[in-house]
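The sequence and the structure are shown first, and selected local features follow.

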Amino acid sequence: MNSKKVNWFFLTAILLHISIVVLMVVFSSAFSLGIIANFIVSSVIILVPALLFLAFSGESWKELLGFHKIKWSTAGMIVLFTFLTMPLTTLINAFTMLFVENAVTGMTDQVLEIPFLVTFFFMAVNAPVCVEIVFRGVVYRGYRKSGTLLQAAVLSAVLFAIGHMNFNQAAYAFVIGIILVLLVEATGSIWASIIYHVIFNGYSVCLLYLEKWLIPEGIDITPLEGQEYTDTLIYGMGVALILASVTMGIAVCVLIWIAKNERRIERLKQVWTTRRDKRERMITIPFVIATVLSVAYMVAEVILYKMIN
């Protein structure tokens, strides 16, 4: 896999996603997918095209995807690293909510209708594994063959962001995409990013159900609106900013420790160096088309939401 194949894969995945959404809208009166079916379809849309492109590349799946062993001590520090980066993602999430709807909140009621273990499997195990195979495996490693590590990190993070197909998640997904690439380079294994992603999503799922269990049935909590909603978000951003300014410094130290523990500190440093021996074009026509389609889809989604509400 190289950058050209990666871009063609992503365009294929985006076209598939949009096509399925259009079909669901057109035939909405005939059938509608439940939340579990939506989880499955979302994984299939992105994983199957990636594996097909990978199969025709003729390369070793293990080497290309990077399933290499890591130390147990490293795995433990990845858990700590995940929680240390959460205030930053919370800050970004709150900021985007000033302008667009929280994508996860919009599906909360449907999610809470199914058992906790089922939700945990699909959102905190299945989704992270599929996504990491695609974006830190196929996409990042494909880009890495065509350009510098930094270029590969940024472009894979861009695709990871717009692949969420909504502005709210795209914002913090870009930052997480960069963080996960650094983690993969610090360990040399995609298992590192999978552990991070499982912890990150699993924590969110647990909070979701914990809130449901703590609030007695029959109590109607009126959502905040207008200036009160804005003030609450700004206050939350202030708290998250203070926490992030402290935790991200510690997170950097933990990342360095992880790299040293896996004897890859020099490799981690190479992310910031510029190599001039690779001249293959990274941004191609399929990349541009996929990006334009994704952004147009997200804009249309925001407009439709505002029209309905």
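## A partly exposed ring and its partner

Phe83 has a relative accessible area of 37%, so it counts as partly exposed. The model in which this value was computed is a predicted one. Tyr203 is likewise described as partly exposed, with a relative accessibility of 35%.

The ring centres of Phe83 and Tyr203 lie 5.5 Å apart and the ring planes stand at 90 degrees, so the two rings form an edge-to-face pair. Because Phe83 belongs to helix 4 (residues 72-96) and Tyr203 to helix 9 (residues 190-214), the pair ties together parts that are 120 residues apart in sequence.

The structure contains 13 aromatic pairs. One of them joins Phe9 and Phe53: the ring centres are 6.1 Å apart and the planes meet at 70 degrees, so this pair is edge-to-face, given that planes over 60 degrees apart are classed in that way. Phe9 is part of helix 1 (residues 3-26) and Phe53 is part of helix 2 (residues 35-55), so the contact ties together parts separated by 44 residues in sequence. Phe9 is buried, at 0% relative accessible area, whereas Phe53 is partly exposed, at 25%.

Ring pairs also connect Phe116, Phe120, Tyr209 and Trp213 into a cluster. A contact of another kind involves Arg136, which lies over the face of Phe160 at 4.2 Å from the ring centre.

## A nonpolar patch on the surface

A nonpolar surface patch is formed by Phe167, Val295, Val299, Ile303, Leu304, Met307 and Ile308, which together have about 670 Å² of accessible area. Helix 12 (residues 285-308) supplies the largest share of this patch, six residues.

Met307 is located in helix 12. With a relative accessible area of 64%, Met307 is exposed, because the value is over 50%.

## Positive phi angles in two loops

Met165 is a residue other than glycine with a positive phi, near 60 degrees. Its place is the loop between helix 7 (149-162) and helix 8 (167-187). Met165 has a relative accessible area of 3% and is therefore buried.

Arg263, which is not a glycine either, has a positive phi of about 55 degrees. Arg263 is found in the loop between helix 10 (226-261) and helix 11 (265-269). Is Arg263 buried or exposed? Arg263 is exposed, with a relative accessible area of 76%.

## Cysteines

The structure has zero disulfides. Cys130 takes part in none, and the nearest cysteine sulfur, which belongs to Cys206, is 19 Å away.

Cys130 counts as buried, at 8% relative accessibility. Cys253, in contrast, is exposed, with a relative accessible area of 53%.

How values were computed:
Residues are numbered from 1 along each chain as its sequence is written. This is a predicted model: local features need pLDDT of at least 70, side-chain atom pairs count only at pLDDT 80 or more; totals for chains, interfaces and linings use all residues. Side-chain values use heavy atoms; hydrogens and water are left out. Rings of Phe, Tyr and Trp (its six-membered ring) pair if their centres lie within 6.5 Å; planes under 30 degrees apart count as stacked, over 60 as edge-to-face and the rest as tilted. Helices (H or I, at least four residues) and strands (E, at least two) are DSSP runs, numbered from the N terminus. Buried means under 20% relative accessible area, exposed over 50%, partly exposed in between (1.4 Å probe, protein chains only). A charge sits over a ring if NZ of Lys or CZ of Arg is within 6 Å of the ring centre and within 35 degrees of the ring normal. Patches are made of residues with over 30% relative accessible area and no salt bridge: like charges are joined within 9 Å, nonpolar side chains (Val, Leu, Ile, Met, Phe, Trp, Tyr) within 5 Å. Accessible areas come from the Shrake-Rupley method with a 1.4 Å probe; for residues, only the protein chains shown count as cover. A salt bridge is a side-chain nitrogen of Lys or Arg within 4 Å of a carboxyl oxygen of Asp or Glu. A disulfide is a pair of cysteine sulfur atoms within 2.5 Å.
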